[in-house]
Amino acid sequence: MGRRRAPELYRAPFPLYALQVDPSTGLLIAAGGGGAAKTGIKNGVHFLQLEQINGRLSASLLHSHDTETRATMNLALAGNILAAGQDAHCQLLRFQTHQQKGKTKVEKAGSKEQGPRQRKGAAPVEKKPGAETHQEGIELSVENLKAVQTDFSPDPFQKVVCFNHDNTLLATGGTDGYVRIWKVPSLEKVLEFRAHEGEIEDLALGPDGKLVTVGWDLKASVWQKDQLVTQLHWQENGPTFSNTPYRYQACRFGHVPDQPTRLRLFTVQIPHKRLRQPPPCYLTAWDGSTFLPLRTKSCGHEVISCLSVSESGTFLGLGTVTGSVAIYIAFSLQRLYYVREAHGIVVTDVAFLPEKGRGPELLGFHETALFSVAVDSRCQLHLLPSRRSVPVWLLLLLCVGLIVMTILLLQSVFPGFL
């Protein structure tokens with residue numbers, strides 16, 4: 001029996017590092033590049049149109065935005081504004097979609113590169129930065145807004161960016177260990193503080209203004225503005241390895257299904273050092289108010305590289321440094337889906353198809369869809385089939401019918417039973 005494979009949705013002409021899905025338009029946004037090195041590998045942000053064709057989800061290139069010498073390593077999305085981490089800077093981009101009025105000669109000449117063949121690795125048509133690309137009656141334009149330096153270490157690099165709940169603020173973290181908060185879209189700095197000794201690996205903003213940061217100093221901290229609220233201690237009720245230090249690799253807030261006012265925090269813990277026989281990595285769910293650990297479970301011996309939480313908080317998506325992709329149920333931390341070495345190289349980002357907007361239309365009969373990107377330039381699709389369940393009313397009806405049939409059978413065998 002062959003190894004399980006995930007369908008390839010799209011292949012870019014450069015390594016992919018970051019991924020976002022716009023719920024209103026159903027656009028899949030993938031970004032990356034070869035950086036400033038003169039290797040001939042371009043840098044860009046690709047906007048992909050998702051569609052259901054003959055019952056299958058497909059993606060085609062709608063617009064290619066050239067980022068010149070800057071590779072985009074991380075992304076955050078707020079409405080139609082993208083925050084792109086590019087080296088030591090954060091660049092804001094605004095994109096807009098509207099109905100196409102007419103085709104130009106350039107579009108007609110490049111039309112063969114805009115369809116399904118693009119997913120097979122064909123190079124996109126060359127466009128100037130900010131130019132428009134057209135497809136099937138839809139056109140998209142991208143505008144460069146503000147840019148600001150967000151990291152100031154000797155080798156500066158922004159590692160993570162995220163918006164707050166109402167998209168008015170932006171938080172960044174990088175190799176210098178500082179968290180910086182910026183107004184959107186002016187990028188005026190409103191707060192700056194040292195969160196970790198060494199690199200910040202990930203951060204997450206909650207709707208109540210609390211900020212969670214994880215870093216290479218093995219700490220995970222909860223902040224209210226620049227004041228430390230508490231530290232997370234995942235091993236208090238979990239496994240202990242006295243000779244194996246662990247660090248937090250990722251942190252994400254997620255909603256509690258059917259309880260919209262409550263939150264869960266999810267973290268991934270990985271061994272701090274690479275070992276010949278690596279110990280397991282762990283997933284931990286935390287109470288979003290008290291920040292006490294609720295449950296911790298092993299998620300295998302492959303080192304986790306990225307984490308995503310679905311819009312409703314029902315599912316968790318994981319990628320590994322060896323290219324594997326998995327989907328977990330958030331409540332129990334049980335694994336529902338797994339493809340070993342789906343990419344064969346480090347998975348750099350994963351993102352769920354949103355459950356609102358165009359999400360249900362694109363999802364079809366599946367329960368959820370997870371997208372993954374990697375350094376191999378591929379974007380893959382991971383579909384979780386609907387888990388069939390019997391409605392409660394049908395169970396009750398079957399129980400009543402069984403009781404009636406039992407009584408009638410007893411009455412026929414024992415006439416004086418009733």
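Q: What is the bridge partner of Ile-327 in E26?
A: Tyr-337 is the partner in E26. Keep in mind that this is a predicted model.

Q: What makes strand E25 and strand E26 a pair?
A: Two strands pair if DSSP finds at least two bridges between them. Five bridges join E25 (residues 325-329) to E26 (residues 334-339), so the pair passes that cut-off. The two strands run antiparallel.

Q: What lies between E25 and E26 in their hairpin?
A: Four residues sit between the two strands. In that turn, Leu-333 has a positive phi of about 60°.

Q: Why is Leu-410 called partly exposed?
A: Buried means under 20% relative accessible area and exposed means over 50%, with partly exposed in between. Leu-410 comes in at 31%, so it lands in the middle class. As for its place, Leu-410 is in helix H3 (residues 392-413).

Q: Why are strand E2 and strand E5 called edge strands?
A: First, the sheet itself: an open one of four strands, in the order E2-E3-E4-E5, with antiparallel pairing. E2 (16-21) and E5 (56-66) each have a single partner strand, so one side of each has no neighbour in the sheet. From one strand to the next, the twist averages 25°.

Q: How do you know that E2 pairs with strand E3?
A: Count the bridges: five of them join E2 to E3 (residues 27-33), and at least two are needed, so this is a pair. Pick Leu-16, and its bridge partner in E3 is Gly-32.

Q: What makes strand E15 and strand E18 the edges of their sheet?
A: This is an open sheet of four strands, ordered E15-E16-E17-E18 and paired antiparallel. E15 (200-205) and E18 (227-231) each pair on one side only. The average twist from one strand to the next is 25°.

Q: How do you know that strand E16 and strand E17 pair?
A: E16 (residues 210-215) and E17 (residues 220-224) share five bridges in the antiparallel sense; the cut-off is at least two, so they qualify. One of the contacts is Thr-213 with its bridge partner Ser-221 in E17.

Key. Residues are numbered from 1 along each chain as its sequence is written. This is a predicted model: local features need pLDDT of at least 70, side-chain atom pairs count only at pLDDT 80 or more; totals for chains, interfaces and linings use all residues. Side-chain values use heavy atoms; hydrogens and water are left out. Buried means under 20% relative accessible area, exposed over 50%, partly exposed in between (1.4 Å probe, protein chains only). Axes are lines fitted to C-alpha atoms, for helices over the stretch in contact, and angles run from 0 to 180 degrees between N-to-C directions.
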